[in-house]
Amino acid sequence: MDDSYNTNLPTSHLIGSVPAVVNEENNTPNYEAPKANMQKFPPNNGGGSRQGYQTLGSPSEEFEQQPANNWKGVFSVSSYTQYFNVDTDVVINRLMSSLNPMTGDFFSKIDANPDLYGLVWISTTLVFVLASLGNCATYLMQKRTDSSASWNFDVSYVNMAAFSIYGYAIVVPLAFYFLLQYLGSNASLVRFWCMWGYSLFIFVLSSFLLVIPFEILRWIIILVAGTASSCFVTLNLRSYMESNDLTIVVIASFFLQLALAIFIKAWFFP
């Protein structure tokens, strides 16, 4: 039999033959395969509940961080993390600068990264130092005058130290900030808090020397420490306001800092 005859037969009508499946959709030029939409279990049971089928690409809840410039950011801890982003070397460098008041370049050092770590840490340290060493100095002075007299720890030193030191470190820079804003001078509250906070560090060191039970020596120590701290605040504040003639403000900062030193001596080391 001729082979060409067999090849011309319609094979679609032969027994056992299966016609080829032609996908008409794949032949269209703009065809796109449907994307799978994976969903979470369990399904929604009705009502206003947010539980139900949810796509994996859209989580049901997202953490909403309050921006720092929003009023709600005042109550957010994340708004203040940038002011505590300092390491040990930076803090030590700023502490050493506070002990060298004649440079007057403290604001230039903290301009890129003012911190509140010094304000919180130094103020808290000074509170406990004044409370503890103040009682120790009172004990030594009392035993020096009358060794047989009884002595009790005065807990009120802690309350007075916390009220005076925290109040001074927060309220005084805040008052100078509003005063300079009212007088038309640019001021930064965070930088003021940073500078006044580090200015208290010298009182931490001088408190250990004030334990010495000699009254004249105590006054000399506190006046030297108060003058150094006052010069630190005054010179840096004057360099910060070099374009404005606000001498009265600079003088006020000097005497306020010196008054704090005298208060520390009179109240905690009598």
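Helix axes here are lines fitted to C-alpha atoms over the stretch in contact, and angles between them run from 0 to 180 degrees between N-to-C directions. With that in hand, take helices H5 and H8: they pack at an angle of about 20°, with their axes 9 Å apart. The model is predicted. The chain has 10 helices and 0 strands.

**The chain as a whole**
- The elements run α-α-α-α-α-α-α-α-α-α from the N terminus on.
- The chain has 270 residues, and 35% of them are buried.
- Take the contacts between residues at least 6 apart in sequence: 68% of these join residues at least 24 apart.

**Helices H5 and H8**
- H5 covers residues 117-145, and H8 covers residues 201-209.
- Angles under 35 degrees count as roughly parallel, and H5 and H8 are therefore roughly parallel to each other.
- The crossing of H5 past H8 is left-handed.
- On the H5 side, the contact is made by Ile-122, Thr-125, Leu-126, Val-129, Leu-130 and Leu-133.
- On the H8 side, their partners are Phe-201, Phe-203, Val-204, Ser-207 and Phe-208.
- By type, the residues of this contact are 9 nonpolar, 2 polar and no charged.
- An α-helix has 3.6 residues a turn, so residues three or four places apart point the same way.

**Ser-207, in H8**
- Ser-207 lies in helix H8.
- Buried means under 20% relative accessible area; Ser-207 has 1%, so Ser-207 is buried.
- Beyond residues up to four places away in sequence, Ser-207 touches Leu-126, Val-129, Leu-130, Leu-133 and Phe-269.
- Leu-126, Val-129, Leu-130 and Leu-133 are among the H5 residues that meet H8.

**Ser-98, in H3**
- Ser-98 sits in helix H3, which spans residues 88-98.
- Ser-98 is buried too, with a relative accessible area of 5%.
- The Ser-98 side chain reaches the backbone oxygen of Leu-95 at 2.5 Å.
- That side chain also reaches the backbone oxygen of Tyr-198, at 3.5 Å.
- Setting aside neighbours within four places in sequence, Ser-98 is in contact with Tyr-198, Phe-201 and Phe-232.
- Phe-201 also belongs to the H8 side of the contact with H5.

**Helix H7**
- H7 takes in residues 189-199 and is mostly covered.
- In H7, 11 of the 11 residues are buried.
- Among them are Arg-191, Trp-193, Trp-196 and Gly-197.

Terms used. Residues are numbered from 1 along each chain as its sequence is written. This is a predicted model: local features need pLDDT of at least 70, side-chain atom pairs count only at pLDDT 80 or more; totals for chains, interfaces and linings use all residues. Side-chain values use heavy atoms; hydrogens and water are left out. Helices (H or I, at least four residues) and strands (E, at least two) are DSSP runs, numbered from the N terminus. Angles under 35 degrees count as roughly parallel, over 145 as roughly antiparallel, 65 to 115 as roughly perpendicular and the rest as oblique. A crossing is left-handed if the near helix is turned anticlockwise from the far one by less than a right angle, and right-handed if clockwise. Contact means heavy atoms within 4.5 Å. Ala, Val, Leu, Ile, Met, Phe, Trp, Tyr, Cys and Pro count as nonpolar, Asp, Glu, Lys and Arg as charged, and the others, Gly among them, as polar. Buried means under 20% relative accessible area, exposed over 50%, partly exposed in between (1.4 Å probe, protein chains only). A polar contact is a pair of N or O atoms within 3.5 Å; within protein, one must be able to donate a hydrogen and the other to accept it, and residues adjacent in sequence count only if both atoms are side-chain atoms.
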